[in-house]
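Please keep the sequence and the model in view while reading.

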Amino acid sequence: MRNINKIGALSLATLMAASSVSASDYGSFDGYTLRVKLIGGAQYEPLYTLIPEWEKATGATVDILSRKSHFELDREMKQDIAAGNTDYCVFSNHTNFAPQYDVMTEPLDGHISADVLADFSPLVVSHATVGGKLFSMPRHSDVSNMYYVKSLYEDADNQAKFKAEYGYDLTPPATWAQASDQAKFFTDAPDRYGTHFAGKDEGITGRFYEMLVAEGGVMLNDDMSPAFNSEAGVRALNWFVDLYEAKAVPAGTTNYVWDDLGLGFAAGAVAFNLDWGGWAAYFNSDDSKISGDVGIVLAPAGSSGKRTGWSGSHSFSMTKGCDNQAAAASLITFLTSHDAQMLEARAGILPTRTQVWDDVIAEFKAEKNDYMVEIFAIYSDSMANHAFTPPLIAEWGEISNALWPRLQAAILGDKTAQEALDEAAEDVLEVMQDAGHL
Amino acid sequence: MATVTLKDVVKRYGAVEVVHGINLDIAHNEFVVLVGPSGCGKSTTLRMIAGLEEISDGDILIGDQVVNQLPPRKRNISMVFQNYALYPHMTVSENLGFSLKIASRSKEEIEAAVQDAADILGLDELLERTPAELSGGQRQRVAMGRAIVRHPDVFLFDEPLSNLDAKLRTQMRVEIKKLHAKVKTTIVYVTHDQVEAMTLADRIVIMKDGHIVQIGTPLEVFERPVDTFVAGFIGSPPMNLIDGTIKNDTVVFSDGRSVPVPPDFSGKVVDGRRVVFGFRADVLMPKGHTLAESGVLHDLDLTIDLAEPLGSESILLSSFGGKDIQARMHNPRPVKGGEVLSCELHLEKCHLFDAETGQSLRG
Amino acid sequence: MPSRTKTVLIWIVTFFIMLIICMPGLWIILSAFRTNGEILTKPAIWIPQNLTLDNFRAIFGFGENVVGIPVASYFRNSLVISITSTALALLIGMTGGYAFARYSFPGKKPAFLWLMLSRTVPGIALSLPIFIIWSRLGIIDTKFGVILVFTAINVPFTVWLTEGFFRQVPNDLNEAAQIDGCTRWQAFWKIEFPLAKSGIASAGIFAFLTSWNEYALASQLTRSTDSKTLPVGLMDFTAQFTIDWAGMCAMAVIIIIPALILTFLVQKHLIAGLTFGGVKG
Amino acid sequence: MTRLRRTIRENAVPFALISPAVLIILMVVLLPLIFSFYTSFSNYRLIRPDSLWDWVGLRNYKRIMGDWDFWVAFGRTVLFLTVALNLELLFGLGLALLVNKITWGQRTMRTIMMFPMMFSPILVGFQFKYLFNDTIGLVNNGLQSLGLTHEAIPFLVDRWLAFFSIAFAEIWMSTSIFAILILAGLFALPKDPIEAARVDGCSNWQVFKHITLPFLMPFIYIAMAIRSLDVARAFDIVDVMTGGGPAGRTELLWTLISRTAYDDARMGRANAMSYVAILLSIFFTWFFFNKLMEARKHLGAF
């Protein structure tokens, strides 16, 4: 969901490096036209340049019906379901959203061989599985870690001042409490703020959710009734409230979505920034004001000792109405193949195949790209040990929509954290009742 | 031969009948004026002849052809509208030539016809102007020009002079009369102005409430109105009408005064019958100021309330038989209010109408 | 106050107001020729250092930063959809307006009012039902489907304006033309239509602007490059590159220009059309 | 039945002429409305097509009645419309009077005045989102460069500033409609009554109040009627600028409906909300339309 950024396109040379594909791997579908809907955007497009190879190998043609951002694709999907308009074959999916499309989704269990699946990270596969059925094939993953401006932390003056004020050494934050202190410390408005966060839509829901988990809370009880209006929930929410009150984040942060964060950090507007791997290369590129000055640590931990690690994967799914499921499965397999994932990983995007992790790190090492090596080390740690996914239910969207305006209300000071969460819980209860969970 | 014949023509709007089965024969080259107060159905009748309104019942014939179902353009008529209906986006010459252009006539032919019409109506100077640049009278003339250009069988005029000032109206009236003499076409002309009707018409058709009340030459309708309505409508000033009762061959009025029954009506009324006695101002005159030398005269003394001098004559306002009446004084002399004049009434030019129905008792 | 001072004061006020009116648009246009780097920097750079056409090149697929948006297709779609739906709305609206102006028939008043009220239904309330019905009819994501909807939302206003205008044209003229040998149709076409021209022109420009600028419905009914209009295209532009303000501004300029030209051409009719058609009718 | 047939036959021509207009409206407006009216009594959720048949009676409406957020949005929408329409009228009137006063360059003024009308609402939204941006926005940059403030003013966040910002965008876009119509009214203003009033000793203000303004009223009402037909287009602006947020501070009925319908996928409930919104629109239009019709008659007197 969050990779909707404009980041430098891959060089042509990298594309050429992808090895050619043989028919034996992907079958033959001469003359068949496979209709697909794909997520669009600069980051996603390079992968699609491989499609002609698949076409050449199988004799089929790919007809891309839609190519748009996942938000719009989500709307389109829902409309397609409503209108019974799902006569295409393959669509871009996201593991957190996949349960919403269950009506139109053909589980991939019978279509993808166990051998192939075995090459994927088990955690990622489990996130893509709903009720024992594999709803989609993960393409690349998503988890956030902490980027910071190195020079700010290395500055002796800053270190001394910080120690004097807060009583401990200035190092990149290990806990969210420290992060809060440091954000206030580094704020020099309006030129620089301590940090910022995605303050609306799915962005703030996700951030709240991972903070909730880090504070030891849960979103839903086992019976699917809301549980986020707990003490842990209030603590989680108050972290945001506190920073906003202290003006350690830009006042407009409640209007930010993910792109604003990455670009803002690259523009040097904040001291540290929790973000996903896809930005890493950009932060260190010529377009970035802080190029060469970027450090990374694991996402900080909450009071429960658990680190934040909201995670999910972009993926590909097949429709129930698909008229050539073999061809659909073939394309899905192709687009999640080792070579395909290498292509995306070179740009810093997190692969879902375990082998690709090793191979891409080896490549970076060979190129002496220490920065990217470090990035991948951190991300591989967090994917392996700290990543978790939100409840995989179709109502996630509705829960999110019930939550985020209330979270904003608390952050902006219209309501207390407890009031805001209680109100949201009431709505979520209604949603779950209507959906027949309760 | 363009006669116009209306047979039992009815017009209904939904359930409301506004023209109740009228019959009318108009001869070739005849100038017929439909006259009546507003709402009498005269315009509707004209528009039915034009084909602008459908007829609900009956037949309309132009020549020998039943035109009930024909659209206006197939009736070979032309029409001059009250507001002239000149096409504002065309010049005068385009206005004049429009109908011929629609009929796909050749350019030369159109030019010739336009020139012809312009000559007849003196529009030469105005041909390149647009209607907005014309005076009221000029527009009126263009409207007529447009009507004559196509040499129609029938000319229809819908209150064409009502938007002109009094002087221009008189002038245009003459021009229309001249035009009729020149183009020799059947004309149906609608007006609410009885003077126009009297001066222009070969025959006048007087309408009221969707009925034809009387058809006749101007003189006929003036001298022998069929009922009190016509009597009151035609002529200026309108006919004096006084309620009375017959007693011993005299008409006795509410104020006790009486006059003999006019000679045309003697024997047609019995004692006790309630009537309306009618006479025009012209037939009641002060002695010594009359024009009539002979006839059946009846002497009356009138107390004059007011005299309106008009130059060669005066209108005298007085009270008689319980009503305000008007008399006429030729070769007038000054008259003071309250003065009593002895007058004479030309009895053979007086009328008796039934008090209930208003119909003339002439029989 | 001396009239000299007064005049100067009026000019100052006018200038200030015109500035408020123009500034946002001009800033957008200016930004379209600047680089993102220059726009987004803090502190602000007020005087452009270097103006560039790169943003436009990118949109149209030239140069280094090719943006994956088929603006040319969107532009064509917008043109086809706007022009067709405007023409249809004018045709349908004109016939309707003519009937309301020239005939009396049972139910005329309520029919007119309800026709107008149909326009007030917010597009957002219609979009999904229309979407579902359209997809059952198989006209979703087609220019035809969008044209149909745009025509419908433009018809009420067109009826209203043209009705007022046809009432301005005296019925006598139509009758005179019929007597002059025209069929009803000829009378309409040769006499009444030319006279109602400025009303029709202003109805037309309103319909065109509405179609050209409509977003709420178009965004639901169009999906592919075969049918997407420019405003919808703008949206997918932003969805992928949220903060490429310069590129967006360039696209904005592309959307505005045709509307600008059109409005310029018929602005005289526009004022006359609105006044006489709407008010005096 | 025969009566109906007769009515149709007698009015065949006008019926035939309005039928295309009526048909297309039936198809594109009424039919969908009937469908959505039905769904407002169901638990229809987009992602569960079967739920279309899940009849819940008045539940959606009952919930709306008790939904505080909905009524806040409702109240805010009414406030927004009232503020926006009145200010547009006021500014439009002022602008028209000003332009009418200017003799030199009036044509240019008139053209400039129409500039905002050509903007797509969605463009207007982006434009002001950009201008009011708290870090890179023109307004903030301007204020900071002029030294008027050193803080980034959160135009799109603060409760009243956000409302002000969306209202500003709406007013910027639509004032020109009022200005044009009122200007047209001023052009058509007859001179005689004004001269008569001056002879009678009226001051400038009295002339304006007693002669000019009454004459302009029909023009004002037509502008109001046109605007109220289109006022829901403000949705595009608000949707782009703030999406109704943050924390629902700029939530209008339309943004709420849109989110409930598409993001929540709860179509039944959204449609129930729609019907309340439609009633509101109809009320506004009805009101101005009646005023307009009265004023039209009145104008005949001039």
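The model is predicted.

Chain C is built from helices: it has 13 of them and zero strands. Read along the sequence, one α element therefore follows another, in the pattern α-α-α-α-α-α-α-α-α-α-α-α-α. The chain has 281 residues, and 62% of them count as buried. Among its contacts between residues at least 6 apart in sequence, 73% join residues at least 24 apart. Its accessible surface comes to about 10300 Å², with 69% of that belonging to carbon and sulfur atoms.

The structure holds 12 cavities of 30 Å³ or more. The largest cavity contains about 260 Å³ of space. Its lining has 21 residues, and those nearest its centre are V121(C), P122(C), G123(C), E214(C) and R233(D). Helices 5, 6 and 10 of chain C and helices 10 and 11 of chain D each supply at least two lining residues. Helix 6 of chain C gives the most, three residues. By class, the lining divides into 12 nonpolar, four polar and five charged residues.

The second largest cavity has a volume of about 170 Å³. Its lining includes F206(C), L209(C), T210(C) and N213(C), along with M117(D), M173(D) and R233(D). Helix 10 of chain C supplies the largest share, four residues, while helix 8 (159-188) and helix 10 of chain D each supply at least two. Five residues of this lining are nonpolar, three polar and three charged. R233(D) lines this cavity and is also among the residues nearest the centre of the largest one.

Key. Residues are numbered from 1 along each chain as its sequence is written. Chains are lettered from A and ligands numbered from 1 in the order in which they are written. This is a predicted model: local features need pLDDT of at least 70, side-chain atom pairs count only at pLDDT 80 or more; totals for chains, interfaces and linings use all residues. Side-chain values use heavy atoms; hydrogens and water are left out. Buried means under 20% relative accessible area, exposed over 50%, partly exposed in between (1.4 Å probe, protein chains only). Contact means heavy atoms within 4.5 Å. Accessible areas come from the Shrake-Rupley method with a 1.4 Å probe; for residues, only the protein chains shown count as cover. On a 1 Å grid over the protein atoms alone, a cavity is a set of points where a 1.4 Å probe fits but cannot get out, and a pocket is an open set with protein on both sides within 12 Å along at least five of seven lines; lining residues have an atom within 4 Å of a point. Grid points are joined across faces, edges and corners, and a volume is the space filled by probe spheres set on the points. Ala, Val, Leu, Ile, Met, Phe, Trp, Tyr, Cys and Pro count as nonpolar, Asp, Glu, Lys and Arg as charged, and the others, Gly among them, as polar.
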